[in-house]
Amino acid sequence: INHAASIELQAISIFSCFLFAAIHQIQAPTSTSAKVCFTHLVSTTCDHVYSSYTGVYPNVCASFKAQYKTFATAYIFNVLSCSQNGVAQSISPWSYTTPSSSSVVTRLGAILPVNQTGFSRAYTLSIPVVYGLTDAAGNLELLTAQATSSCSLVLSSESAVVLRLADRCPNIKAINQTVVTDRSICGAQRYEWEFTQTAPTAGLPVTVLGGLNTTALFLNTVPGMGNGKTYNVRVRPIHTTGEVGNYGTVQCMKTTGAGMILENHPSSAGAELPLLSLRAGGESVSLFPNPTMDGQVTLLWKESQEGSKELVLRDVQGRIVWKQQVVLEGNVLELDWKTLDTGIYLLEVDGQTMRVVKG
């Protein structure tokens, strides 16, 4: 290309989309040739690498991915339809957009609800791609390549969740404690619990929703829950799309005859402090799970709180290992202590103290 020369690529019409580019050499030695590269922005499809290219996934905890595209900033998984044993299922289409440029979804449950029907389900998807390109001024422009084709996957059925073994009869629960499912369902937003009193008198089923993103339920949130009673308990997951899974088998649960049961854990501090409940600011507050294995815990007040509170966590020698000022607007507070070492700690809320175990 000579310094005085320029090359023009004439306007090209493709489906009413016009592309125009002009090239003019302004510096560097003269070259007899030049190259122009255009990025092809297209949608993508399923990449069944995590199912050994069978397209069949055992459960919603399996990983899933789309075929990778260069310059992509996000992938949109549109769930179009579902069928079971060749029969179309009535679903309202929904979408899931990846939070990053990764084409991998670590848990299929982020896209699909759990299948507990006893039969496999086939889903049809389309996958548009969001691209990020920088213009001549250095601004990032987002362009979405709409899908022109679809792909499919098969999700196998898995067992339903039930009340965990430690919470079942003949074990006895205090009504200020929690009950937990035997495992978590990947992608479940929350769980629905059903309690039916069987003793000392029979009662009607009572249904309550658990908290967001937790498998635990505080028994004192169940209407009519009382000491000295026996219940039949069932539980089922609710996906982020609103689709509800199946109830698991009925399990027996008993509450203590009177008073309160405290879980016993050895304490280097020598203080016998309740693990699950305390009085803070005149209102009851509970912490779960306790013990915690991953450091992710939830504080739950019996009634809504407003205003600022100081939380202090000390080790058994009394040294402050964590401190935070929080502003509450409600009755739930999520805490992250995953960086703490395994051991026993004392949590202070409004001058009151409770013992916390990190396993």
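1. Basis of the note. The model is predicted, so local features are reported at pLDDT of at least 70 and side-chain atom pairs at pLDDT 80 or more, while totals for chains, interfaces and linings use all residues. Residues are numbered from 1 along each chain as its sequence is written, and side-chain values use heavy atoms, with hydrogens and water left out.

2. The largest pocket. The space in the largest pocket comes to about 1000 Å³. Of its 43 lining residues, Thr214, Thr215, Ala216, Phe288 and Pro289 are the closest to the centre. A pocket is found on a 1 Å grid over the protein atoms alone, as an open set of points where a 1.4 Å probe fits, with protein on both sides within 12 Å along at least five of seven lines; lining residues have an atom within 4 Å of a point. The volume is the space filled by probe spheres set on the points, which are joined across faces, edges and corners.

3. Make-up of the lining. Which elements give two or more residues to the lining of the largest pocket? They are strands E15 (178–180), E16 (188–199), E18 (216–218), E22 (283–288), E23 (296–315) and E24 (320–336). Strand E23 gives the largest share, six residues. Strands are DSSP runs of at least two residues, numbered from the N terminus. By class, the lining holds 21 nonpolar, 17 polar and five charged residues; here Ala, Val, Leu, Ile, Met, Phe, Trp, Tyr, Cys and Pro count as nonpolar, Asp, Glu, Lys and Arg as charged, and the others, Gly among them, as polar.

4. Side chains of opposite charge can pair when their charged atoms come close. With a salt bridge defined as a side-chain nitrogen of Lys or Arg within 4 Å of a carboxyl oxygen of Asp or Glu, the count is eleven. In one of them, Lys65 meets Asp47 at 3.0 Å, N to O. Because Lys65 belongs to strand E5 (residues 64–66) and Asp47 to strand E3, this pair ties together parts that are 18 residues apart in sequence. Lys65 is buried at 12% relative accessible area, and Asp47 is buried at 17%. Buried means under 20% relative accessible area, exposed over 50%, and partly exposed in between, with a 1.4 Å probe and protein chains only.

5. Glu192 and Arg236 form a salt bridge of 2.6 Å, N to O. Glu192 lies in strand E16 and Arg236 in strand E19 (residues 230–239), so the pair links parts 44 residues apart in sequence. Glu192 counts as buried at 13%, whereas Arg236 is partly exposed at 23%. Salt bridges with shared partners also join Arg164, Asp167 and Lys173 into one network. Within it, the closest N and O atoms of Asp167 and Arg164 are 2.8 Å apart. Asp167 is buried, at 0% relative accessibility, and Arg164 is partly exposed, at 28%.

6. Backbone exceptions. Most residues other than glycine have a negative phi, and most peptide bonds are trans. The bond from Cys169 to Pro170 is cis, with omega near 10 degrees; Pro170 sits in the loop between E13 and strand E14 (172–173). The bond from Ala199 to Pro200 is also cis, with omega near 5 degrees, and Pro200 is in the loop between E16 and strand E17 (205–209). Phe71 is not a glycine, yet its phi is positive, near 70 degrees. Phe71 lies in the loop between E5 and strand E6 (72–84) and is partly exposed at 43%.

7. The loop between E3 and E4. Ser52, in this loop, has a positive phi of about 55 degrees although it is not a glycine, and is exposed at 59%. Tyr53 lies in the loop between strand E3 (46–47) and strand E4 (56–57) and is exposed at 60%.

8. The loop between E12 and E13. Thr148 is placed between strand E12 (140–145) and strand E13 (151–155). Thr148 is exposed, with a relative accessible area of 76%. Thr148 and Pro128 are 20 residues apart in sequence, and their C-alpha atoms are 8.4 Å apart in space.

Technical notes: Helices (H or I, at least four residues) and strands (E, at least two) are DSSP runs, numbered from the N terminus.
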